[in-house]
Amino acid sequence: MKKLFLIALAAMTMGLVACNGGNNANTSASASNSGEAQNVEQATDGITFEGEHYTVTYPKDWKETFATGDVLNAKSADDAISLSINFDETGPSVDQLKETGANVKLLNQQDYKEIGDPQIDGNKLVVRRVTNEGEIDFSYLLVIEGTKGVMGSVKAPADKEADAEKALNSILASVKMK
C-alpha cells in the first residue's frame, strides 16, 4: 500500500510539473506562510468550469488557456497568474496529507530554489515553492471525498504573490464534486 501511495505521489508531482506553464520572472520572493486558517471568500462571481467530476469557479476576468475532461488551465487578465487544476481520483486521504506534504517537499528539493513547509488546513495541502527564476508556485492538493479531490498549481511572479494566494484560496473554496 505504501509503495502504491509513493507511486501516486510521484505521479502527482510529475503531473504538477507537466501541466503548469509559467512566467519566468527574475525576481526574488520572501516567505509568507502562516499556518493559520484564513477567512476565505469563495469565488461566486466568476466563470464556472464544469469538469467531468468536479466544478470550480475562477475570477471572471481570467481566461481559459486549456480545458478538457477534468483539466483546466487559466490565466489572469494580465497573464501574470496562472492556474492549473486537475481531478485526482486516487490521491491521499485527509489523514495522509501530512506525509504527502513531507514527501512533496523531499521530492522537489533539487528542482526549486526554495520550498516552504507544507501547510495543511483541514482537507487542503499547499506547498509554496520558488523556482530558480524567482517565480512563486503554490502547489496544492484538496481532498474532497475519501481519496478523491483536485490538485494543481497557481504560479505568479513574486510581486503578485499575495494576489495569487488570495485567488488560490478563493478558487479552492469553490470546488465541488459532482
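Start by selecting F49: with a relative accessibility of 10%, this residue counts as buried (buried means under 20% relative accessible area, exposed over 50%, partly exposed in between, using a 1.4 Å probe and protein chains only). Before you go on, know that this is a predicted model, where local features need pLDDT of at least 70, side-chain atom pairs count only at pLDDT 80 or more, and totals for chains, interfaces and linings use all residues. Residues are numbered from 1 along each chain as its sequence is written, and side-chain values use heavy atoms, leaving out hydrogens and water.

The structure holds one aromatic pair. F49 and Y54 form that pair, tilted, at 5.9 Å centre to centre with 55° between the planes. (Rings of Phe, Tyr and Trp, the last by its six-membered ring, pair if their centres lie within 6.5 Å; planes under 30 degrees apart are stacked, over 60 edge-to-face, the rest tilted.)

Next, colour residues 63-68, strand β3, and residues 71-75, strand β4: they pair in the antiparallel sense over five bridges. Strands here are DSSP runs of E, at least two residues, numbered from the N terminus, and two of them pair if DSSP finds at least two bridges between them. Click E64 and you'll find A74 of β4 opposite. The two strands make a hairpin with two residues between them, and G69 in the turn has a positive phi of about 50°.

Last stop: S76, in the loop between β4 and β5 (82-88). Is S76 buried or exposed? Buried, with a relative accessible area of 5%. Leaving out residues up to four places away in sequence, S76 touches D61, W62, K63 and I81 (contact means heavy atoms within 4.5 Å).

Notes: Helix = DSSP H or I, 4+ residues; strand = E, 2+ residues; numbered from the N terminus.
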